[in-house]
Amino acid sequence: MIMASNHRLIVIPPPLQGHMTPMLQLATILYSKGFSITVVHTKFNSPDPTNHPDFTFVPFHDGLPNSYTVSSKNFIHISSHLNTNCVTPLKEVLVRIIKEEKISCVIYDGLMHFIDSVARELNLPTILFRTTCATNYLSYHWLSMLQRNGYLPLQDFSMEMVEGLEPLRFKDLPIFNLGESATDIMVKQVTESFSVKPSLGVIFNTIEFLESSSLQKLRKLYKVGVFSIGPLHMCMASSETQEKNNNCSTSLMKEDYSCITWLNEQEPCSVLYVSLGSIASWEEKELIEVAYGLTNSEQRFLWVIRPETIESIPEEVKSATRKKGRIVTWAPQREVLAHRAVGGFWSHCGWNSTLESMCFGVPMMCQPCFGDQRVNARLVSNVWKVGIECSEMRIKRDEVEGAVRRMMVSEEGKLMREKAVLMKDKIKISVRDNDALNGIVHAIVMSSSNSSA
Ligand code: UDX
């Protein structure tokens with residue numbers, strides 16, 4: 001086994017929960033292989049250094065107001081802002097660091113693709129980290145070709161299959177229904193991020209057997225090694241620093257552990273966990289419909305409503321939900337999904353939530369909101385068959401009630417739970433047999449010794 005003591009890595013996570021978490025998990029895994037880790041991060045939404053006492057944390061100026069709340073309306077603009085405005089502040093920080101110590105590699109997220117050219121200018125080797133699934137990137141590649149040929153914005157959101165991307169239908173493409181400019185910016189960004197040339201490779205937080213065909217196609221597109229090393233939270237749990245890492249929260253918000261005490265009192269597989277992740281949200285009138293739909297289903301539920309939206313729920317609605325459910329503003333999600341009381345996950349299908357749900361054998365009610373979530377939802381429901389497609393469900397109390405019952409008490413839901421447990425076992429085996437981590441360590445160490453020679 002290769003160990004990498006005396007090598008320092010710089011990891012640069014974007015200030016978004018769904019990207020911060022996998023980057024810190026990757027850093028923890030690489031730390032367990034002997035690397036020293038410096039996390040270079042924005043001041044906005046910065047990670048908590050006390051959760052990672054073995055890492056060094058260095059902020060750079062980002063120009064974003066601290067009071068900003070990330071939402072589906074602004075997160076694309078946040079990433080676009082960072083790519084445009086952070087070249088100089090990041091360069092200054094990196095120059096300071098390399099004066100003091102040799103850096104073996106910079107690992108950056110594709111959302112902040114500007115980092116590639118900054119690192120190149122400073123002669124630093126780079127690895128590009130993709131935090132969504134491989135199939136999502138293939139579909140972006142397809143979208144960027146359409147854009148080049150003048151076919152965007154797409155008018156066709158039909159059930160027709162997209163040739164070359166089957167089984168994705170036009171309606172599953174990672175479009176942002178946030179106005180034309182959002183999709184344009186995103187496709188432009190992804191096109192730009194396809195043009196970056198990481199010197200040492202590309203890492204995907206995915207599982208080879210789930211996405212082998214997409215990964216093969218991506219391996220032809222990239223000229224460097226493509227490593228699939230997911231699911232990172234599981235690799236982290238099996239890494240040598242396991243005991244320490246179990247306490248390493250990557251959360252940007254405080255998790256409410258009281259829901260675990262509540263789950264302890266519930267029957268096995270009796271609770272539906274409901275969360276739309278850190279960006280998507282329901283509007284006020286939808287929240288009320290969801291609340292009544294959940295309550296009328298007579299099923300137990302644990303529902304995450306983030307602090308910025310919880311204020312909009314009338315007190316009478318909250319009290320109706322208390323009979324069967326529990327609301328928290330942020331949950332320790334992996335502990336929740338691992339709990340024996342949880343029998344289903346009504347999810348927006350963010351990639352981290354999708355991986356977490358599959359690793360803990362919890363089937364999903366798939367209701368994607370935007371972007372890659374549509375791709376993930378299609379894979380979960382149609383290819384891996386561990387979730388029910390709810391993308392056409394309207395947020396009306398009767399429809400919600402029906403879908404919740406379908407997930408929690410129907411024969412179909414029961415079968416789905418059995419399939420989800422089989423999937424969990426397969427994933428465990430694939431993590432045990434995955435050698436990609438050694439490939440990554442080898443690439444970094446070899447590049448570093450070649451440059452010293
Ligand atoms: C975003 C995108 O929306 C997602 O589609 C993309 O794949 C990554 O970036 P987000 O919407 O937050 O992420 O969803 P997701 O990828 O599921 O990440 C959310 C993370 O927050 C998960 O790791 C989940 O465990 C965590 N979480 C969520 C909590 O810890 N507590 C909660 O209450 C809710």
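Before anything else, one term: pLDDT is the predictor's confidence in each residue, and it runs from 0 to 100. I begin there because what I am showing you today is a predicted model, and for this protein the average pLDDT is 91, with 94% of the residues scoring at least 70. There is one stretch to treat with care, residues 242-246, where the pLDDT is below 50 and where the model shows four contacts beyond near neighbours in sequence. Where pLDDT is low, the predicted coordinates should not be read in detail. For the complex, the predictor gives an ipTM of 0.99 and a pTM of 0.96.

Let me turn to the sheet. In what order do the strands of the open sheet lie? There are seven of them, arranged as S3-S2-S1-S4-S5-S6-S7, with parallel pairing, and at the edges you find strand S3 (56-60) and strand S7 (226-228), each of which pairs on one side only. If you ignore direction, neighbouring strands in this sheet are turned against each other by 25° on average.

To look at one pairing in detail, take strand S1, residues 8-12, and strand S2, residues 36-42, which run parallel and are joined by four bridges; Arg8, for instance, has Ser36 in S2 as its bridge partner. Helix H1 packs on this sheet, where it touches S1, S2, strand S4 (105-109), strand S5 (126-130) and strand S6 (201-204), and its direction makes about 165° with that of S2. Helix H3, residues 87-100, also packs on the sheet, touching S1, S2 and S3, and its direction makes about 145° with that of S3.

Now to the ligand, which is surrounded by 26 residues, the closest being Gly18, Gly277, Gln333, Gly350 and Ser353. By type, the shell divides into seven nonpolar, 16 polar and three charged residues.

Is Leu272 buried or exposed? It counts as buried because it has 26 C-beta neighbours inside 10 Å, and the cut-off for buried is 20 or more. Leaving aside neighbours within four places in sequence, Leu272 is in contact with several residues, among them Gln299, Phe301, Trp346 and Met408. Leu272 and Lys73, by contrast, are 199 residues apart in sequence and 28 Å apart in space, taken from C-alpha to C-alpha.

Technical notes. Residues are numbered from 1 along each chain as its sequence is written. This is a predicted model: local features need pLDDT of at least 70, side-chain atom pairs count only at pLDDT 80 or more; totals for chains, interfaces and linings use all residues. A residue is near a molecule or strand if its C-beta atom, placed from the backbone, lies within 6 Å of it. Ala, Val, Leu, Ile, Met, Phe, Trp, Tyr, Cys and Pro count as nonpolar, Asp, Glu, Lys and Arg as charged, and the others, Gly among them, as polar. Two residues are in contact if their C-beta atoms, placed from the backbone, lie within 7 Å. A residue is buried if 20 or more other C-beta atoms lie within 10 Å of its own, exposed if 12 or fewer, and partly exposed in between; C-beta atoms are placed from the backbone. Two strands pair if DSSP finds at least two bridges between them. Helices (H or I, at least four residues) and strands (E, at least two) are DSSP runs, numbered from the N terminus. Axes are lines fitted to C-alpha atoms, for helices over the stretch in contact, and angles run from 0 to 180 degrees between N-to-C directions.
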